[in-house]
Amino acid sequence: MSLPVLYSFRRCPYAIRARMALFNSDIEVNVHEVSLKNKPRAMLDLSSKGTVPVLLVDDNVIDESLDIILWALAKNDPDNWCSQYSETEKQYAMQLIRQNDEEFKAWLDKYKYADRHTEFSQEYYRQNCENFLQILETTLQSNTHLMSENITLADIAIFPFIRQFAMVDKNWFDHCIYPAVRYWLNSFLDSALFIRVMAKTAETKIH
Ligand SMILES: N[C@@H](CCC(=O)N[C@@H](CS)C(=O)NCC(=O)O)C(=O)O
């Protein structure tokens, strides 16, 4: 049987979180690095949405990063990113992820591309992003991770977006009033898992 194929883009936060889950779950896949300006026909034939990541496994197509994560964790969750939690805790994680994906990401895009959104200043967009950072900071002041002392699905799903936020104005982020968020982010950036999934290889097997 052929390996699953993951259409991915190295720096995309959605693709990063999907690759991290697949790798941590020890699921071997062929990663196809795509150009977002010239998406491969084969990927568009599988998913007309035209977004990465897209996972093809046997004849099934999974074209939402969160679904890829959940699929990987259902197969194998060696570090209990999901399986040890109650339904209520899982719902809290999903709600935090939704807040990230729907609300925070929209402000982040405006903060990042403030020159294309001239109705308001970049600082205004950053302040709106900070509402979410404040929620994370409050949690991370008492836990080392978002759900508990251990890494969970919520951390993996959210940190690639905070990474993107931090990179917009690194100097601001390095001095901002969210030290626990900074510490938490750095712990992921320094992790072997993150370094592994960010390795620059055009066509790779992750395993
Ligand atoms: N909801 C999707 C969003 C994925 C997404 O928007 N990915 C971006 C890259 S970061 C993309 O492919 N954008 C299409 C483009 O830039 O043409 C998911 O979670 O997988």
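Modeller: On a 1 Å grid over the protein atoms alone, a cavity is a set of points where a 1.4 Å probe fits but cannot get out, while a pocket is an open set with protein on both sides within 12 Å along at least five of seven lines; lining residues have an atom within 4 Å of a point. The model is predicted, so to speak for itself: local features need pLDDT of at least 70, side-chain atom pairs count only at pLDDT 80 or more, and totals for chains, interfaces and linings use all residues. Numbering runs from 1 along each chain as its sequence is written, and side-chain values use heavy atoms, with hydrogens and water left out.

Searching the whole structure turns up 2 cavities of 30 Å³ or more (volume is the space filled by probe spheres set on points joined across faces, edges and corners). The largest cavity comes out at about 50 Å³. Around it sit Gln99, Glu103, Phe104, Trp107, Asn128, Cys129, Asn131 and Phe132. Helices α4 and α5 are the elements that give two or more residues to that lining (helices are DSSP runs of H or I, at least four residues, and strands are runs of E, at least two, numbered from the N terminus). By class, the lining splits into 4 nonpolar, 3 polar and 1 charged (Ala, Val, Leu, Ile, Met, Phe, Trp, Tyr, Cys and Pro are nonpolar, Asp, Glu, Lys and Arg charged, the others, Gly among them, polar).

The second largest cavity holds about 30 Å³. Its lining is Trp81, Cys82, Tyr85, Lys90, Ala93, Met147, Thr152 and Leu153, which divide into 6 nonpolar, 1 polar and 1 charged.

Now for the open space. The largest pocket has a volume of about 650 Å³. It has 25 lining residues, with Phe9, Cys12, Pro13, Leu36 and Gln164 nearest its centre. Helices α1 (13-24), α4 (87-112) and α6 each put in at least two residues, and α6 has the largest share, with 5. Of the lining, 11 residues are nonpolar, 5 polar and 9 charged. Because domain 1 (5-80 + 193-206) and domain 2 (87-191) both give residues to this lining, the pocket lies between them (the bounds come from an automatic or database domain assignment). The centres of the two domains, taken over C-alpha atoms, are 22 Å apart. Across the divide, 16 residues of domain 1 are in contact with 18 of domain 2 (heavy atoms within 4.5 Å).

Phe104, from the largest cavity's lining, also belongs to the largest nonpolar core: of its 56 residues, Phe104, Leu136, Ile158, Ile162, Val181 and Trp184 touch the most other members. A core here is a set of buried Ala, Val, Leu, Ile, Met, Phe, Trp, Tyr and Cys residues joined through side-chain atoms within 4.5 Å, and buried is under 20% relative accessible area with a 1.4 Å probe, protein chains only. Helix α6 (residues 153-168) gives the most to this core, 10 residues, and each domain supplies at least three. Leaving out residues up to four places away in sequence, Ile162 touches Phe104, Phe132, Leu133, Leu136, Phe173, Val181, Trp184 and Leu185. Apart from this core lies another, of 9 residues, including Val5 and Tyr7.

Definitions and conventions
Buried < 20%, exposed > 50% of the residue type's maximum accessible area, 1.4 Å probe, protein only.
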